[in-house]
Amino acid sequence: MRLTTKGRFAVTAMVDLAMRQTRGPVTLAAISERQHISLSYLEQLFGRLRRAKLVSSVRGPGGGYNLAQPMQNVSVADIIVAVDEPLDATQCGGKENCLDDKRCMTHDLWATLNAKMYDYLTSVTLADLVAHQHGKHVAVLHDWRVAEKPSGRPTDKPVAVAA
């Protein structure tokens, strides 16, 4: 999976929006300031999110954006797909022409990883991410990279994610 800045920023901006929308429409300028994401980049992302019907816009004074669906109905995968981020770890984009127009030996490995990533990202909702930000334990948010003890040796405990 080549999750680039586009997908990461879209998810971050949507979490920001979900956390603040109860007070009315949220401006992109406010999200930009809080999250340190370029306003012009947010405008591009929110255009795509609006076309995917994940957000709705309110024009005029006091305008901004709202979620177009309940946050428990919006998955991280929905957001990433909406901004045209590829969820693909294969080298060939799923065309099975990885190596000299033939399927490579590890194609099934990467294709299976694609399915697992998509399943995981579909299982995590905006509501989960907002709950995590409010200090509630959310089981799906773990970084399974090997942590290091102060001695520099690896530990078997997962690294906590600061989302």
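Trainee: How many salt bridges does a search of the whole structure find?

Mentor: This is a predicted model, in which local features need pLDDT of at least 70 and side-chain atom pairs count only at pLDDT 80 or more, while totals for chains, interfaces and linings use all residues. Residues are numbered from 1 along each chain as its sequence is written, and side-chain values use heavy atoms, with hydrogens and water left out. A salt bridge requires a side-chain nitrogen of Lys or Arg within 4 Å of a carboxyl oxygen of Asp or Glu. By that criterion, the number found in the whole structure is two.

Trainee: How far apart are the closest N and O atoms of aspartate 16 and arginine 20?

Mentor: Both residues belong to helix α1 and are four residues apart, which means a separation of about one helical turn. Helices here are DSSP runs of H or I with at least four residues, and strands are runs of E with at least two, numbered from the N terminus. Aspartate 16 and arginine 20 form a salt bridge, and their closest N and O atoms are separated by 3.3 Å.

Trainee: Is aspartate 16 buried or exposed?

Mentor: Buried means under 20% relative accessible area, exposed over 50%, and partly exposed in between, with a 1.4 Å probe and protein chains only. Arginine 20, at 22%, counts as partly exposed. Aspartate 16 has a relative accessibility of 1%, so its class is buried.

Trainee: How far apart are the end C-alpha atoms of helix α1?

Mentor: The expected span of a helix is 1.5 Å times one less than its number of residues. Helix α1 covers residues 5-20, so its 16 residues should span 22 Å. The separation of its end C-alpha atoms agrees, at 22 Å.
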